[in-house]
Amino acid sequence: MTNPYGYPPIDKQFCGNCRYSMELPKRDDDVMRCARHAPQVLPTECRRTDDPATVWGHWPAVLPELWCGEWAPREVTT
């Protein structure tokens, strides 16, 4: 069954085929980055330095087989 937007059924929607997921080239596993929303600032105890002027933000790491409910199709290039 197709929906009016042309999206595939939910069981075919994964982070691995979502427009917001990006492969992480420096990793040798399947972990991806989800760029759906702006990066989140890490709490002080998770930062790499004690310097208060240094603030780190990160996108969530996801696995290709996960699904969050905000899936969107990748752009189709012709």
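Proline 8 has its place in the segment before E1. The model is a predicted one, and in it this proline is partly exposed, with a relative accessible area of 28%. Although proline 8 and proline 73 are 65 residues apart along the chain, their C-alpha atoms are separated by 8.8 Å.

**The chain as a whole**

- The chain contains five strands and zero helices, and reading along the sequence gives the pattern β-β-β-β-β.
- Of its 78 residues, 13% count as buried, while the accessible surface comes to about 6,500 Å², with 55% of that surface belonging to carbon and sulfur atoms.
- When contacts between residues at least 6 apart in sequence are considered, 57% of them join residues that are at least 24 apart.

**Confidence of the prediction**

- The mean pLDDT of the chain is 82, and 77% of the residues reach 70 or more.
- Among the elements of the chain, the highest mean pLDDT, 94, belongs to E2, and the lowest, 82, to strand E4, which covers residues 57-58.

**The sheet**

- Three strands form an open sheet in the order E1-E2-E5, and their pairing is antiparallel.
- Strand E1 (21-23) and strand E5 (61-62) are the edge strands of this sheet, since each of them pairs on one side only.
- Strands of a sheet pair through backbone hydrogen bonds, in either a parallel or an antiparallel sense.
- Here strand E2, which spans residues 32-34, pairs with E5 in the antiparallel sense over two bridges, and methionine 32 has valine 62 in E5 as its bridge partner.

**Aromatic rings**

- A pair of aromatic rings is described by the distance between the centres and the angle between the planes.
- How many aromatic pairs does the chain have? The count comes to one aromatic pair, formed by tyrosine 7 and tryptophan 71, whose ring centres are 5.5 Å apart and whose planes stand at 85 degrees, so that the pair is classed as edge-to-face, the term for angles over 60 degrees.
- Because tyrosine 7 lies in the segment before E1 and tryptophan 71 in the segment after E5, the pair ties together parts of the chain that are 64 residues apart in sequence.
- The two partners fall into separate accessibility classes: tyrosine 7, at 30% relative accessibility, counts as partly exposed, whereas tryptophan 71 is buried, with a relative accessible area of 10%, because the cut-off for burial is under 20%.

**Charges over rings**

- The charged end of arginine 33 sits over the ring of tryptophan 59, at 4.6 Å from the centre of that ring.
- In a second case, arginine 36 lies over the face of tyrosine 20, and the distance to the ring centre is 4.9 Å.

**Asparagine 17 and its contacts**

- Asparagine 17 is found in the segment before E1 and is partly exposed, with a relative accessible area of 30%.
- Which residues does asparagine 17 contact once its neighbours within four places in sequence are left aside? They are Lys12, Trp71, Ala72 and Arg74.
- The C-alpha atoms of asparagine 17 and arginine 74 are separated by 7.0 Å, although these residues are 57 residues apart along the chain.

**Alanine 72 and its contacts**

- Alanine 72 is found in the segment after E5 and is buried, with a relative accessible area of 7%.
- Not counting residues up to four places away in sequence, alanine 72 touches Asn17, Cys18, Arg19 and Tyr20.
- For alanine 72 and cysteine 18, which are 54 residues apart along the chain, the C-alpha atoms are separated by 5.5 Å.

**Glycine 6**

- Glycine 6 lies in the segment before E1, and with a relative accessible area of 57% this glycine is exposed.
- From C-alpha to C-alpha, glycine 6 and proline 73 are 9.5 Å apart in space, while in sequence they are 67 residues apart.

Methods: Residues numbered from 1 in each chain as written. Predicted model: local features only at pLDDT ≥ 70, side-chain atom pairs only at ≥ 80, totals over all residues. Heavy atoms only, no water. Helix = DSSP H or I, 4+ residues; strand = E, 2+ residues; numbered from the N terminus. Buried < 20%, exposed > 50% of the residue type's maximum accessible area, 1.4 Å probe, protein only. Contact = heavy atoms within 4.5 Å. Areas by Shrake-Rupley, 256 points an atom, 1.4 Å probe, with all protein chains shown as cover. Pairing = 2+ DSSP bridges. Phe/Tyr/Trp six-rings, centres within 6.5 Å; stacked < 30°, edge-to-face > 60°. Lys NZ or Arg CZ within 6 Å of the ring centre and 35° of its normal. pLDDT = per-residue confidence, 0-100.
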